[in-house]
Amino acid sequence: DRVLIGNKVSEGHVNFIIAYNMLTGIRVAVSRCSGIMKPLTFKDFNYNKKLTFDYHGNELTPSSQYAFKFKDYSPEVFRELRSLFGLDPADYLVSLTSKYILSELNLPGKSGSFFYYSRDYKYIIKTIHHSEHIHLRRHLKEYYNHVKSNPDTLLCQFYGLHRVKMPISFQNKIKHRKIYFIVMNNLFPPHLEIHKTYDLKGSTWGRRTDIKQSSNDDSNDNDKNTNHHQVQVLKDLNWLDTNETIKFGPLKKKKFLNQLQTDIALLSKLNIMDYSLLIGIHDLKKDELINLTDEEIQDLIIGSPENPILETNDIVSNVSSLENPQTTNILHVDYNNLNTQLEKRPGKNYEVSKVVSHFFKQYEGGIRSSDAFNNDDDYIYYIGIIDCLTNYSIVKKLETFWRSLNHDKNLVSAIPPRDYGQRLYEFIENSLESNTKFKPYKDNPKYN
Ligand code: ATP
Ligand code: CA
Ligand code: CA
């Protein structure tokens, strides 16, 4: 199965030129549209910008090592989306384009998509099929409106839709190929290890990953270039096999199920299926805690009058754990964020980038389990809906037809969008339902 670790894509790599062109295109296109924001109009949704790159460069594009064409779809809309998702324009560019190094996922899925991680692991570039790009363009307005009215949406965050057209040699012939790709959020944090990953569809048909015992055999040097461990992506049957549950108390549970339902309703309406709920679990028990001195903690909490650290949500949510006396010396911080904050501290007059609070990303970029299960379990969940651009097309309809001749309709994965969504929702709802041990306890700050 797919592993979440990549190989560095640097010069000489088979896909280096493709990756180079993707990033060059993004760099030029995105830096172009950082002017003044104005309210989006109908035109912005249909407007696409084309750029031509070549060795010599011209008044519109700088010279590029390779010749290719780049198309940027609805740049203003995506800029607005990035802002809604709380991205800083400069950070976005730096993350995606610094040094042109990406890591590529080892194995393309059955869809044939390639995945690239930005160097800082924050963003993922995924190549998509022509029909998926059509779907996103057609429904961009609905997606945009949904994001606007659902700040806590679990839907995949799309930051850009682009196309690279370039010559590619195939069977000794040079062909001009169009490669469509999206930039999206990496649901998982750059700074914490994910101990378990589930890709859930609510279907049981073929949805089991054979669990490989993790060996400490480092001779497999695929992941030499990264500090992230390989994690197998588990599926619905693995989830059921181990009676896995999401440990939320009543408040988080309600909020989560409501959001899930709202998001699924949109996907059903747009005739989308085959998406998954991706869940990454970080086990806090396995975590290395950072022990800060009292002084450092004071510094973090109080700061100085002009020190705005406290105003950023990430830190505040972490600091709240300090109200609980038992954890006074333990602070979970967003390393990246804190480091950049601390780096900038001496001058103390830097601008704090806008922090958009997201219910499901409030704790270390995820959401913490509720602490009322009468045991020591303590997790951070990273939850999102991914792979949500597949239209319920003729192909799928045929697949449903053939499979349903032989199988129970509830088992197959290709079923009409409404049924698909409903089934996934119920699967997840049941995964929360089994928490019968739940005992609310109102003095606990973690309880909600
Ligand atoms: P298929 O159509 O065969 O399911 P695909 O090529 O469309 O595959 P996805 O389903 O989008 O690929 O993703 C495959 C895997 O990549 C997921 O199971 C997940 O482990 C990882 N992945 C995808 N999107 C993200 C994301 N936004 N953040 C973190 N991991 C992701
Ligand atoms: Ca998928
Ligand atoms: Ca897919």
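Predicted model: local features only at pLDDT ≥ 70, side-chain atom pairs only at ≥ 80, totals over all residues.

**Strands, helices and domains**

Tutor: Let us begin with β3 and strand β7 (residues 158-170), which run antiparallel and are joined by four bridges. Within this pair, Phe-70 has Val-164 of β7 as its bridge partner. Residues are numbered from 1 along each chain as its sequence is written, while chains are lettered from A and ligands numbered from 1 in the order in which they are written.

Student: What counts as a strand, and when do two strands pair?

Tutor: Helices (H or I, at least four residues) and strands (E, at least two) are DSSP runs, numbered from the N terminus. Two strands pair if DSSP finds at least two bridges between them. Here, β2 (residues 48-53) and β3 (residues 68-73) are paired in the antiparallel sense over six bridges, and Lys-50 stands opposite Lys-71 in β3.

Student: In what order do the strands of the open sheet lie?

Tutor: Five strands form that sheet, in the order β10-β9-β11-β13-β12, with mixed pairing. At its edges stand β10 (233-234) and β12 (367-368); each has a single partner strand, so one side of each is left without a neighbour in the sheet. The partner strands β9 (residues 196-200) and β10 run parallel and are joined by two bridges, with Tyr-198 opposite Leu-234.

Student: At roughly what angle do the axes of α1 and α4 cross?

Tutor: Axes are lines fitted to C-alpha atoms, for helices over the stretch in contact, and angles run from 0 to 180 degrees between N-to-C directions. The axes of α1 (residues 16-32) and α4 (residues 89-97) come within 9 Å and cross at roughly 165 degrees. The two helices are therefore roughly antiparallel, a term for angles over 145 degrees. Among the residues that meet are Leu-23 and Ile-26 in α1 and Tyr-92 and Leu-93 in α4; contact requires C-beta atoms, placed from the backbone, within 7 Å.

Student: Into which domains is the protein divided?

Tutor: Domain bounds come from an automatic or database domain assignment. Domain 1 covers 6-186, and domain 2 covers 190-211 + 228-448. Their contact takes 21 residues from domain 1 and 22 residues from domain 2. On the side of domain 1 that touches domain 2, α5 (130-138) and α6 (140-149) are the elements that give two or more residues, and α5 gives the most, with four residues.

Key: Contact = placed C-beta atoms within 7 Å. Parallel < 35°, antiparallel > 145°, perpendicular 65-115°, else oblique.
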